[in-house]
Structure formats: C-alpha cells, structure tokens
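Let's walk through this structure together, one interface at a time. Keep the viewer open as you read.

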Amino acid sequence: MSDKPSDFLKKIHRQKVVVKLNSGITFTGRLAALDAFMNVALEDTEEYVNGKQTAKYGDAFVRGNNVLYISPAEEEE
Amino acid sequence: MSDKPSDFLKKIHRQKVVVKLNSGITFTGRLAALDAFMNVALEDTEEYVNGKQTAKYGDAFVRGNNVLYISPAEEEE
Amino acid sequence: MSDKPSDFLKKIHRQKVVVKLNSGITFTGRLAALDAFMNVALEDTEEYVNGKQTAKYGDAFVRGNNVLYISPAEEEE
Amino acid sequence: MSDKPSDFLKKIHRQKVVVKLNSGITFTGRLAALDAFMNVALEDTEEYVNGKQTAKYGDAFVRGNNVLYISPAEEEE
Amino acid sequence: MSDKPSDFLKKIHRQKVVVKLNSGITFTGRLAALDAFMNVALEDTEEYVNGKQTAKYGDAFVRGNNVLYISPAEEEE
Amino acid sequence: MSDKPSDFLKKIHRQKVVVKLNSGITFTGRLAALDAFMNVALEDTEEYVNGKQTAKYGDAFVRGNNVLYISPAEEEE
Amino acid sequence: MSDKPSDFLKKIHRQKVVVKLNSGITFTGRLAALDAFMNVALEDTEEYVNGKQTAKYGDAFVRGNNVLYISPAEEEE
C-alpha cells in the first residue's frame, strides 16, 4: 500500500466512486479525472440527498474544497 | 478521457453549462472563460433559486470559491 | 471571447456594475479597479439589501473573498 | 483612476474611514496603515453595532480577513 | 519523542486509527496513507455518527481540511 | 505614523493589550510575541466572555486566524 | 521574552498543556510535537466538553486550523 493518498486515488481511476460533500450531498459516477486540489471530474453522474436521487448530469466537475471523502462504489452487475 | 479536471472543462468551453453554488443558487449560461481558481465568466446568464428563475444578467463573472459543481446543460433546440 | 475571466472583467472596467456578496448584500457603482483576489474599488457606490437602498458611499473598497459575482449593470439614460 | 485597488486605498491614507466587517460590526477611525492582506491599523477608533457606538479604542489593529469593505467617512467640521 | 507531528503520525502508519471530523462524524480504519494536507487514505473504513455505525466503505479517501484529530484506535483481539 | 500595520503592532510590544476574537471571546494580557499570521503570545492572560472574566491562564498562545482585532488596553495604576 | 510566538511554544514542549478548539472542545495532554501550522501531537490526551471529560486517547494528533489557543496546564502534584 503506497504512502501517498494521491497514489491511493490513482488506483480507483476509471472506477465507479461515491463522492460525499461536506453539505451531505452525495454524487456517484465514474472517476474521470482528479487533481491535487481534489477537484473531481465524474462521468455518468448521479446526485443523491438523504439517499434519494435528486439529479442526473452525465458529466460533472465537482470543486475539491467541498469534498468530504471519495470511496470506490460497488459496481452494478 | 484526460486525467486532469481542467482538461475536462476545456471540452465544454463555449457550451451552455449549469453552475451550482454552495448556497444552492444555480446559474445557467455559456461558459465564456474559466481559470485555475474556478472563477467562471458566463454569457447570457440566468439565475435560479429552488428551480425558479430569479434574474437575468447577460454577462456575469462568478467567483470560484463559491462554486459547488459545473456541468454541461442540455442545449435548447 | 478571451479564455481568462480576468480579461472578461477588463472589458467592463469603468462601466457601472453590480457586485453581489455571499451575504446577499449588493453594491452598484463604477468599476474603478480590480485585482487578482477580486478586491474591487467602486466609485459612486450604492448598497442594497433585499432590493432596498441602505447606504451611499461614493468610493468603496470591497474585499474579494466576500464577492459572489460581478455583472455589468444597465446604464441609466 | 489607477487600475489597482491598493492604489485606490493609498489615496485615503490618513483620512477618516469606515471599516465594515463581515459580522456587521463597523469601525470608524483614521487609516494609519494597511497591508496587502487588508490588515488595517486605525487611530481614534470607534466601534459601532447597528449604528450605536459600543466602544472607543484609540489605536486598533483589525485583521484583514474579517473586513467586508473600507470607505472614506465624512470628515466632521 | 520527535518534534514534528508528521513524525508522530508515521509511527501509527498501518495501525487502526480513529479519524474525527469537524462535523462530529468519526471514521475508523487502517491508516493506509497520509500527506502534508492531512488527506487520509483508510482501509476497512467504518463511519460512525453519535457512536452508531452508519456505513462501511472498505477503502476511503478523506480530505484533510475536515479532519479534527487522528488517534490510534484499540486493536480488536 | 508608519505605513505597515506590523510596525504599528511593534509599538505596543510588551504593552497590555485587548485581543478580541471572531467568536466574541476577549483576552487581555501582555503582548509577548506576534508573528505575520497574527499568532499572538500573551502573558498574564485573562479570558472574558460578555465582559465577565471566565479564566486566567498566565501564558497563552492564541492562533491568528481567530483574531478580530488587537488594541492597547488601559494600564492599571 | 523572544519576539516569535513559536519560540514561546518551544518553551512549553514536553509540558502538560490545554488546547482549546474553536468548537469549544478542550484537550489536555503532554505537548509531544508542534509544527508551523499549529498541528499538535499530544500524549496522554483527555477530551473535555463543557468541563466534563468525554474521552481519553493516549496519543492524539490535532489539526492546527481548529485550534483557538494553547496554554500551559497546572501540573498535577
């Protein structure tokens, strides 16, 4: 296991991820791009509030300073 | 798909976009310019609060630190 | 249309602008100066809260980190 | 009119100014010093909350990140 | 005992830790990676709110600016 | 009167000062040290909330980003 | 008395300290390490909320941007 979180994130590039924001809003989508400020570009993006889907965006660019955590999501069968 | 979010955003330059702010306010407009701080210049800008249009600006310069996400909007026919 | 928001803003130098703050307070005035931190110097400044004029300052120097957006205002006849 | 807000502020050095903070607190006093972070040193400082004077300090050093705007105050006769 | 907190954290690399966020949310997991901004990569991550487990993530990348403290957790037998 | 606020503060080194925080908490004490981030080291520190003394610390190191203003306090006879 | 707060803090290295956070939470513990961002490593850490002990951690690494002040604590007999 590498010692830098950014290496950790490179492992999940192109995977489906969950991006939770400080506000509680959660996005799921394919991790298309990520930079050092934790700005995240997602494809096939879905927005959830309190577990309910509230929007679908296709591509979305989420600003890093609002991100609480990023985690690999279970891939649908 | 490039690995840097900023490349992602260059793809949608001159396109109609949705810019959602941390406060929940949403702008739609043509993405005229964007910089590394996510400062955004929009043309033909419309402001929405809770889905209702609250203002029209023509040009508007939105400061990056308030931006939650940017996403391509459906182009009207 | 240039690709940098700061070029966008140079176009509206000396014009009458609307400066909306994160707090909802809005200033109108002539854009006298602007720097990279979005610090704004306005002339003939008027302050509005919920659409009602609450003060007039003549010159005013507004700190960038409170700015939500800047937009050209309609010039009175 | 110069293009940099800091030049704008040099013009009002030694003048009586109003310094409004994000919290709504307002200071009046003579602008003794100012730096790039908008840290402000005032002389003959008076503090106002909702238009009522709440304190007098003589000298006071106000930290920039709390400042909303600075504006020349009317000089008393 | 070294004088730099980062040396302190290297000691607990690969150990089970508690990561408490400013919002009160707590994560437990194996400290896989950490960087200078206190961005944390955890393995076998569990999320707790008010002491109750609310989610399990496996891997999770938590953004540093939300972290309140990190502390070694008791290793289960 | 110098043009840099930091020179202003050097003048009151070793003096008794009032340090008001954004939260409204106020400290009084002898200004022992100060740095560019407005981190303040005080001696004989007293803490006040709404004008009532709530603690005495002897020495205290107050982090700059919470400071609203620093002002010379009246020296007791 | 040195003029830099960081020198002040070196004096209390290895001493028992009180670390108060912006949120009101207070930690006591032995100051094991400290860096320029006021990240603090404590040993034998105890957490207090409103004066009541709420947790004991042994070692804890507290992130600087949440710290309000650090002060030497009375050493128990």
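**How the chains meet**

Chain E and chain A bury about 1600 Å² between them, and carbon and sulfur atoms give 61% of that area. Buried area here is the accessible area (1.4 Å probe) that two parts lose on being put together, summed over both. Within chain E, the residues E:Asp59, E:Phe61 and E:Arg63 supply 41% of the area that this chain buries against chain A, more than any other three residues.

Before going further, a word on conventions: this is a predicted model, where local features need pLDDT of at least 70, side-chain atom pairs count only at pLDDT 80 or more, and totals for chains, interfaces and linings use all residues. Residues are numbered from 1 along each chain as its sequence is written, chains are lettered from A and ligands numbered from 1 in the order in which they are written, and side-chain values use heavy atoms, with hydrogens and water left out.

How confident is the predictor in chain A? The average pLDDT of chain A is 87, and 92% of its residues score at least 70; pLDDT is the predictor's confidence in each residue, from 0 to 100. Confidence in chain A is lowest in helix α1 (residues 5-11), with a mean of 81, and highest in strand β1 (residues 16-21), at 95. Helices (H or I, at least four residues) and strands (E, at least two) are DSSP runs, numbered from the N terminus.

Back at the interface, 23 residues of chain E are in contact with 21 residues of chain A, where contact means heavy atoms within 4.5 Å. What else joins these two chains? The rule finds one salt bridge across the interface of chain E and chain A, a salt bridge being a side-chain nitrogen of Lys or Arg within 4 Å of a carboxyl oxygen of Asp or Glu. A:Lys11 and E:Asp59 form a salt bridge, with their closest N and O atoms 3.7 Å apart. Strands β2 (26-34), β3 (40-49) and β4 (52-62) of chain E each supply at least two residues of the side that touches chain A. By class, that side of chain E has 13 nonpolar, four polar and six charged residues. For these classes, Ala, Val, Leu, Ile, Met, Phe, Trp, Tyr, Cys and Pro count as nonpolar, Asp, Glu, Lys and Arg as charged, and the others, Gly among them, as polar.

Now compare the two partners as copies.

Next, turn to chain D and chain F. Here 23 residues of chain D are in contact with 21 residues of chain F, and the buried area is about 1600 Å², with carbon and sulfur atoms giving 60%. D:Asp59, D:Phe61 and D:Arg63 supply 40% of the area that chain D buries against chain F, more than any other three residues. F:Lys11 and D:Asp59 meet through their side chains in a salt bridge (3.7 Å, N to O).

Over all chains, the structure holds 28 salt bridges. One within chain A pairs A:Glu43 with A:Arg14, their closest N and O atoms being 3.2 Å apart. Because A:Glu43 lies in strand β3 (residues 40-49) of chain A and A:Arg14 in the loop between α1 and β1 of chain A, the pair ties together parts that are 29 residues apart in sequence.

Some chains do not touch. Chain A and chain F are one such pair, with their nearest C-alpha atoms 18 Å apart. Chain D and chain G also have no contact, and their closest C-alpha atoms lie 15 Å apart.
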